[in-house]
There are 4 protein chains.
Amino acid sequence: MPLLDALFGSPLVDAVFSDESRLGRMLDFEAALARAEARCGVIPGAAAEVIAGKCKPELLDAAALAQSTKLSGNPAIPMVKQLTALVAKQDQYAARFVHWGATSQDVNDTGLVLQIREAWGIMESDLSAFCATLAVMAQQYRSTVILGRTLMQHAQPTTFGAKVAAWLDAMHRHRVRFRKIGNRVFVLQFGGAVGTLAALKEKGLDVSEVLAQELKLELPDIPWHTQRDRLVEVATTLGLCAGTLGKIARDISVHMQPEIAELFEPAGGGRGGSSSMPHKRNPVSAARILAAAIRVPGLVSTMLTAMVQEDERGLGNWHAEWETLPEIVRLTAGALHEMKEVMPRLEVDVNNMRSNLDQTHGLVFAEAVSMALAESMGKSGAHGVVEAASQRVRTTGKTLSEELQQDPSVKQVLSAEVLNQLFIPERYLGSAEAFVDRVIASSQQL
Amino acid sequence: MPLLDALFGSPLVDAVFSDESRLGRMLDFEAALARAEARCGVIPGAAAEVIAGKCKPELLDAAALAQSTKLSGNPAIPMVKQLTALVAKQDQYAARFVHWGATSQDVNDTGLVLQIREAWGIMESDLSAFCATLAVMAQQYRSTVILGRTLMQHAQPTTFGAKVAAWLDAMHRHRVRFRKIGNRVFVLQFGGAVGTLAALKEKGLDVSEVLAQELKLELPDIPWHTQRDRLVEVATTLGLCAGTLGKIARDISVHMQPEIAELFEPAGGGRGGSSSMPHKRNPVSAARILAAAIRVPGLVSTMLTAMVQEDERGLGNWHAEWETLPEIVRLTAGALHEMKEVMPRLEVDVNNMRSNLDQTHGLVFAEAVSMALAESMGKSGAHGVVEAASQRVRTTGKTLSEELQQDPSVKQVLSAEVLNQLFIPERYLGSAEAFVDRVIASSQQL
Amino acid sequence: MPLLDALFGSPLVDAVFSDESRLGRMLDFEAALARAEARCGVIPGAAAEVIAGKCKPELLDAAALAQSTKLSGNPAIPMVKQLTALVAKQDQYAARFVHWGATSQDVNDTGLVLQIREAWGIMESDLSAFCATLAVMAQQYRSTVILGRTLMQHAQPTTFGAKVAAWLDAMHRHRVRFRKIGNRVFVLQFGGAVGTLAALKEKGLDVSEVLAQELKLELPDIPWHTQRDRLVEVATTLGLCAGTLGKIARDISVHMQPEIAELFEPAGGGRGGSSSMPHKRNPVSAARILAAAIRVPGLVSTMLTAMVQEDERGLGNWHAEWETLPEIVRLTAGALHEMKEVMPRLEVDVNNMRSNLDQTHGLVFAEAVSMALAESMGKSGAHGVVEAASQRVRTTGKTLSEELQQDPSVKQVLSAEVLNQLFIPERYLGSAEAFVDRVIASSQQL
Amino acid sequence: MPLLDALFGSPLVDAVFSDESRLGRMLDFEAALARAEARCGVIPGAAAEVIAGKCKPELLDAAALAQSTKLSGNPAIPMVKQLTALVAKQDQYAARFVHWGATSQDVNDTGLVLQIREAWGIMESDLSAFCATLAVMAQQYRSTVILGRTLMQHAQPTTFGAKVAAWLDAMHRHRVRFRKIGNRVFVLQFGGAVGTLAALKEKGLDVSEVLAQELKLELPDIPWHTQRDRLVEVATTLGLCAGTLGKIARDISVHMQPEIAELFEPAGGGRGGSSSMPHKRNPVSAARILAAAIRVPGLVSTMLTAMVQEDERGLGNWHAEWETLPEIVRLTAGALHEMKEVMPRLEVDVNNMRSNLDQTHGLVFAEAVSMALAESMGKSGAHGVVEAASQRVRTTGKTLSEELQQDPSVKQVLSAEVLNQLFIPERYLGSAEAFVDRVIASSQQL
């Protein structure tokens with residue numbers, strides 16, 4: 001495994017996209033094709049058995065394959081040649097029926113669909129575990145007050161549970177998207193040279209149906225050699241997921257800044273050290289996940305660009321997908337896996353959450369006071385009074401409450417007691433906790 | 001309308017994204033908010049009526065708005081100020097309740113969602129008309145033989161109906177995607193400063209529910225200020241659609257090359273001329289649609305990149321969406337509209353389709369012959385014989401059938417009569433027509 | 001000016017890309033072409049004068065142009081038609097010679113090059129002013145201690161001047177790039193229908209030369225209708241510049257977080273307020289500039305993708321450039337202008353810079369101590385001792401100096417006095433000031 | 001070498017980006033650092049010798065490195081640890097001075113710069129060979145008539161030499177860009193933890209200077225840990241080059257369509273076959289090169305996006321570069337190498353070039369005739385007459401010359417003899433040959 005692949009990928013999904021696994025799924029297609037054609041009476045049953053018996057990646061000569069792939073421009077062509085030779089060694093007659101009626105793209109695409117399905121299973125399991133963790137955390141911190149931030153500035157109190165619930169809300173939608181995409185994407189590719197299955201004469205549809213069954217894939221209405229929207233939807237779905245993971249990682253890294261110090265990635269065991277600075281505790285998981293969130297969008301745009309494929313087989317655009325889509329899967333799966341691993345071990349410093357809030361001199365209750373004053377002064381007048389007092393706070397070092405109590409126009413309408421009540425964070429959480437409950441409830445259903 | 005906007009957009013959808021319409025939808029939010037808050041007893045009913053009465057874009061000073069937008073960094077802030085001033089002119093007291101409890105992003109986002117919904121309606125109607133046209137064409141040309149092409153080379157016969165059906169198959173999936181996305185995307189944004197609706201105290205959820213009803217939007221479980229996956233899914237869904245439209249345009253342009261001359265965009269009336277070459281008939285619709293297919297992917301990657309939004313309101317990344325998403329909608333809607341207009345008037349030259357096929361010297365039946373020979377020679381042996389004969393065709397100018405008839409190894413296993421049958425395109429269409437039927441049937445259901 | 005265009009653009013450069021200016025530069029080409037052809041004896045001098053006299057954008061019917069652009073797929077074609085009609089009204093004979101020997105793309109491309117040159121002048125002036133500001137600041141804060149941050153964690157002291165110098169270093173390279181690109185990019189496009197200037201017979205090169213002189217453009221070796229690398233290099237050069245501007249904006253926004261509070265965008269006059277939170281002071285300039293840095297990369301990728309243009313005029317890919325390149329110029333020019341305006345008014349809080357450093361309990365001198373101990377303990381041993389002490393600091397609340405003084409292995413090799421010296425930031429700035437001087441010196445030369 | 005890497009890369013450049021080579025260049029940095037520090041009296045000369053002696057990639061444990069890279073988030077940290085252990089085995093004291101004063105990013109970045117310089121050498125050599133081939137071809141086909149095509153339609157005659165010269169013109173600019181970029185890009189990265197070289201006290205600049213000499217790199221004015229414009233300019237320069245290569249590949253693939261048949265990629269030896277169609281001769285090199293041209297733009301946008309790196313070391317954005325930039329180099333180098341190999345073996349069918357021109361019924365001389373008639377009729381009148389005649393040609397099957405000779409308004413002003421002269425392609429090449437000469441001449445200078 002190359003040095004950096006290990007850093008950004010996820011072990012299980014990386015394995016799905018190894019060359020051995022790629023060839024394995026292509027050979028699964030060839031084996032299933034032979035069986036399906038035998039079941040439909042297109043090729044002899046005995047031949048199918050011999051062929052299927054040779055469909056094992058370890059029997060192929062990988063180095064020779066790489067060499068021939070360069071010449072033929074396509075890994076399926078030399079793979080079929082090697083397979084044919086293997087079969088021929090055992091049974092010359094059976095060798096005639098290898099890859100019968102199929103074209104390279106049938107093998108490549110169906111193999112890829114099988115790989116994606118495998119990766120999907122792993123990712124759905126990570127998604128499910130991650131959402132479960134988030135649901136527990138949202139509940140645990142449902143009422144834990146934290147300073148909300150907008151445009152990287154202090155805004156108003158919210159709860160840490162509400163922040164987590166917002167993460168969960170998005171991640172749950174990704175679970176739904178993953179689930180729903182299955183039927184559209186896990187479909188057979190089988191069309192022969194130009195999508196007519198002409199070589200199978202009148203048996204094309206029958207073989208297709210059985211082949212789809214063999215591989216447990218959906219049967220599409222028509223082969224989709226140059227209609228790539230299904231595969232590209234895999235890419236866009238992953239792109240959306242990577243974006244949300246990046247958002248969560250960014251939040252963690254903002255709150256892990258030493259001056260804020262509310263959240264911490266787990267440390268220890270060589271994790272997040274620095275080669276020059278012994279005191280460092282780096283957010284290395286956030287770095288990895290953010291890197292994925294930065295890299296995936298450009299790769300998705302490549303997939304979208306490559307959709308413009310000519311006639312019955314694209315020139316260059318199809319080829320542009322080959323490394324790009326697996327890379328998108330690997331990066332997103334890696335980011336998801338990392339996040340799923342880190343989240344349960346995230347250190348949450350609720351004391352710092354509170355003390356950061358306390359150190360704002362009450363400025364973050366500006367809206368609260370403004371709304372209270374608005375009832376008598378009007379929204380615009382109140383906004384002006386509070387804005388002015390807020391600016392004084394910055395220079396005087398007093399609290400907003402103190403500044404306002406000295407303003408006669410405020411005194412007139414709000415008693416000190418009522419005013420002070422407005423500066424209690426727990427009283428200014430609005431529907432935060434209700435939102436948390438709604439999200440947790442929805443996240444139980446898929 | 002700027003010069004080039006007209007070229008790439010679609011009139012109806014462009015109107016949805018005009019500044020006037022943008023402000024209109026933002027004001028719809030403010031009006032509905034006032035009404036909802038009145039219904040929930042949060043603000044006086046009389047105030048709500050006055051506010052709603054002023055929520056008309058034509059009452060605003062657009063030039064002043066643009067100026068203040070630059071200062072405040074946000075069109076909602078000066079819009080609310082102007083609206084408040086308008087209300088105050090009529091009723092000072094009512095002015096206190098404008099935008100009560102909401103934040104700028106609530107207005108911006110919900111306004112955008114309303115614009116997208118409007119555009120969606122227009123695009124769904126274009127999609128529906130376009131799919132209907134394709135279904136008619138797929139049926140009409142169901143058995144019309146055309147040369148299939150792979151990697152921009154001759155491959156094998158298929159039918160023009162099958163090509164159209166493959167287009168329809170993808171476009172129909174886009175219809176399904178458009179339909180399904182609705183529930184996830186057409187949702188209210190309403191959270192106040194940090195997504196807690198704190199300013200509405202315990203009434204936040206009630207107002208939200210009524211507000212959603214007023215605007216006929218779904219009520220989300222939690223505000224989604226920095227969870228942008230819904231909006232970005234709009235972008236990716238459109239990106240997929242633009243990709244397919246580009247694929248169809250590329251096919252048209254390939255087949256409109258004078259040497260192929262099988263398909264033609266409609267001409268006449270100043271369409272597709274050249275400033276220097278009087279004989280030109282340019283595929284201007286294809287140019288426009290391909291331009292959209294090239295432009296949209298980069299814009300989608302921007303939307304994905306911008307998902308990494310900090311805490312409760314993103315800095316810069318949120319702002320990066322503002323012109324990008326409307327541009328994606330406009331370009332895709334423009335390409336779709338153009339395609340829908342052109343397709344029914346596409347000139348289809350079935351004679352050229354046939355004669356192009358005839359001029360291949362039978363080479364495109366190489367697979368057919370190869371499969372026939374394979375039954376006795378084996379697939380690999382047959383492939384070799386036919387490949388060699390194919391190469392001779394290129395130099396001798398004879399047909400593949402003639403070359404094969406001179407090969408003793410072929411003569412041995414296939415009579416001239418049987419061999420000639422293999423070169424009849426209608427006999428080598430496999431399941432093409434069955435695929436057409438399946439696609440048309442599915443396209444009737446949504 | 002549309003609402004959001006004003007927000008993200010720069011007034012001067014936006015004007016360069018208005019439709020009127022676009023038509024103006026296209027008409028400049030037509031006027032210069034007529035004059036050049038007259039000077040070369042290709043068309044009558046009198047005709048050239050009449051034509052040149054009509055080459056004014058205000059004489060054209062803009063609405064009719066937009067309409068015909070949609071039909072012809074190209075703004076040059078209807079523009080030439082309107083111009084011809086205008087000339088004909090005054091002089092039927094002269095009208096014969098409008099646009100003589102040119103093709104649409106000649107006008108479009110050369111017009112665009114002229115627009116870019118104009119924008120370049122404005123941007124170079126902004127770049128120059130911005131670099132001058134940075135040089136002053138780098139000098140002013142040359143020795144002002146600030147906490148350096150890596151991976152969003154505390155690292156070691158540096159100076160604010162060194163931070164500014166690093167910004168300047170990159171911005172100065174952009175100045176150099178802007179300067180150097182001129183010769184390669186400000187070239188004439190003139191080739192006629194397929195780049196041969198066939199319509200001018202043997203006079204093609206002569207006319208080209210004079211035309212280039214008229215427009216003060218370089219004469220290329222050969223027309224470059226489908227060799228777009230020059231224009232795309234404009235895009236990539238701007239992309240690099242937008243990236244650096246984004247980096248500076250990100251730095252400002254990080255240091256403007258209330259807990260850090262070292263840098264502040266200017267406030268007041270309606271700048272950076274919030275519709276709901278009266279206390280807010282938002283980094284609105286950073287938001288705008290970051291938005292540009294997020295948007296430009298996707299647009300650059302579109303330009304790169306669109307380079308694959310067929311034969312002598314691209315289909316769709318050429319068209320994909322039309323709105324994209326101006327958008328890249330506008331966004332980058334807008335971000336640059338904003339940055340240039342903000343930087344001289346940036347509030348720099350040197351006290352907070354110092355106090356943030358003081359509050360790290362000496363942890364940021366971990367490397368310093370580690371290096372000092374390494375002389376006797378070895379780098380690896382010292383790293384371990386300091387790492388352990390750093391972790392104790394986090395729990396005990398003591399300073400790193402205190403913790404180390406209690407470690408016998410440290411006492412053995414470093415006296416308390418020597419140890420304390422290691423915790424003086426001014427003594428741990430290494431070559432920071434020397435680097436500042438080098439950058440300032442280089443920035444004086446272009 | 002993974003299956004698909006071999007397909008898209010180039011053997012020599014792929015080797016430069018192998019893990020072994022990556023580690024090798026990082027170790028070159030460590031060795032040179034030790035030597036430089038010894039020369040400056042910072043560390044003992046004997047220690048430097050021991051360290052330099054261990055800086056060999058084959059001494060490291062690659063598997064352990066990959067494992068630790070995942071933990072530390074950075075390959076430099078475990079590499080330094082392993083190196084230190086190796087040195088310590090031989091000389092405990094020397095081990096203290098490994099990586100003295102440097103930070104991980106110094107090693108990573110400088111190592112990367114060394115790899116790029118190596119790749120640059122290989123690519124410049126390929127560029128040079130490719131340009132030489134193009135110059136020969138431009139000369140050889142300087143006057144070979146070919147049909148020019150615009151918007152994928154017939155336009156006018158040009159020469160194949162002019163087409164090749166236009167390719168050469170762009171490729172030569174890329175050579176110039178490659179050459180010029182060197183000074184800006186091949187610079188040392190050396191700044192220590194936050195870019196101050198504090199650990200080296202007053203010796204920072206001295207060591208930097210000697211270190212740069214040791215590695216034959218330029219010394220920058222200031223470390224550039226988060227100023228990535230230099231590296232991103234490598235990406236954009238390659239992006240421009242990949243775009244031109246894609247354009248050439250697209251041209252080849254258009255002209256290799258069987259109906260046009262003017263250019264052919266070399267065949268034979270397993271090249272470009274099909275698994276199902278024995279007659280196929282696929283443009284596999286074009287496919288590979290086009291794939292690179294489609295993939296590189298998205299990767300370049302990632303590099304641009306990643307420029308927004310925080311403070312003194314970026315979080316995630318720096319990491320996003322690690323696999324992306326090498327991938328851009330590999331893909332572009334692979335496409336360039338493929339193109340350089342294919343071009344000298346490209347089959348050029350000059351007979352088909354001529355016969356395709358002859359089969360246009362003279363329509364491509366429409367502009368020629370139009371210009372000739374314009375002298376008496378005016379440009380607009382002539383355009384109309386020729387446009388109408390061109391449309392008749394399409395239905396009557398006659399030539400444009402014949403159609404025009406039957407038009408009385410034409411007869412009046414042009415004799416049949418003069419008219420026929422207008423339809424001789426060699427007489428309508430304008431400055432094509434002169435342009436070829438100019439380009440060839442310029443291409444000799446670098």
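Chain A carries 20 helices and four strands. Both kinds of element are DSSP runs numbered from the N terminus: helices are H or I with at least four residues, strands are E with at least two. This is a predicted model, in which local features need pLDDT of at least 70, side-chain atom pairs count only at pLDDT 80 or more, and totals for chains, interfaces and linings use all residues. Residues are numbered from 1 along each chain as its sequence is written, chains are lettered from A and ligands numbered from 1 in the order written, and side-chain values use heavy atoms, without hydrogens and water.

**Shape of chain A**
- The radius of gyration of chain A is 30 Å, whereas a compact globule of 446 residues would have one near 22 Å.
- That radius is taken over C-alpha atoms, and the globule rule is 2.2 Å times the number of residues to the power 0.38.
- The C-alpha trace of chain A spans about 100 × 50 × 35 Å along its principal axes.

**Burial in chain A**
- In chain A, 71% of the 446 residues count as buried, meaning under 20% relative accessible area (1.4 Å probe, protein chains only).

**Chains C and D**
- Chain D is superposed on chain C by a rotation of 180° with 0.0 Å of shift along its axis (RMSD 0.0 Å).
- That is the relation of a two-fold axis.

Note on methods: Least-squares fit on C-alpha atoms with pLDDT ≥ 70 in both. Buried < 20%, exposed > 50% of the residue type's maximum accessible area, 1.4 Å probe, protein only.
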